[in-house]
Amino acid sequence: MKEKMTSNLDLKQALYTQCAAFVEERFTKIHAQINEIQESLTSETKSSAGDKHETGRAMLQLEREKVGQQLAETEKVRENLSKIDVTTTVDRIGLGSVVFTSQANYFIAISAGQLKCNADSFYAISPHTPIGLLLMGKKVNDTINFREQQFVIKSVF
């Protein structure tokens, strides 16, 4: 039983690591966009004059605001991910649970799409997604109905 527990925790750690890499990649892309916008603002100031200059600056400012919102959202995602304790197992589905069902496998963490670990595929989902909300609080052998399909929960840790 100890070996199974270790492999479960190893699987949870591997899924967590993939989610963390997903978040860090988003941060890197957003910071690159911010730097590009900042450079464009600087060159716009140096090279333009008149109405064209004002329009260009206004569009860059809007773009900077949009990227700033993406940065704030990504920071919230990072914060939610940091709340997960990968060293524990649970009987009921909650944040950080690895869930095997009759239809698909899930890691309740952040919305990061499909993850592969060993031969298994998992969907990294937020607990606030429609399927996440249905799964939260459930345990082994519970069933849920989602998009006209019935899922049986086979394993939770």
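Biologist: What makes β1 and strand β6 a pair, and which way do they run?

Modeller: In this predicted model, 3 bridges join β1 to strand β6 (residues 149–156) and the two run antiparallel; since two strands pair if DSSP finds at least two bridges between them, β1 and β6 count as paired. Strands here are DSSP runs of E with at least two residues, and helices are runs of H or I with at least four residues, both numbered from the N terminus.

Biologist: Why is Leu81 called buried?

Modeller: Buried means under 20% relative accessible area, exposed means over 50% and partly exposed lies in between, with a 1.4 Å probe and protein chains only; because Leu81 has 4% relative accessibility, Leu81 counts as buried.

Biologist: What is Leu81 in contact with, leaving aside its neighbours within four places in sequence?

Modeller: Leu81, which lies in helix α2 (residues 50–82), is in contact (heavy atoms within 4.5 Å) with Tyr16, Cys19, Ala20, Val23, Ala109 and Ile110.

Biologist: What do the numbering and the confidence limits rest on?

Modeller: Residues are numbered from 1 along each chain as its sequence is written, and side-chain values use heavy atoms, leaving out hydrogens and water. Local features need pLDDT of at least 70 and side-chain atom pairs count only at pLDDT 80 or more, whereas totals for chains, interfaces and linings use all residues.
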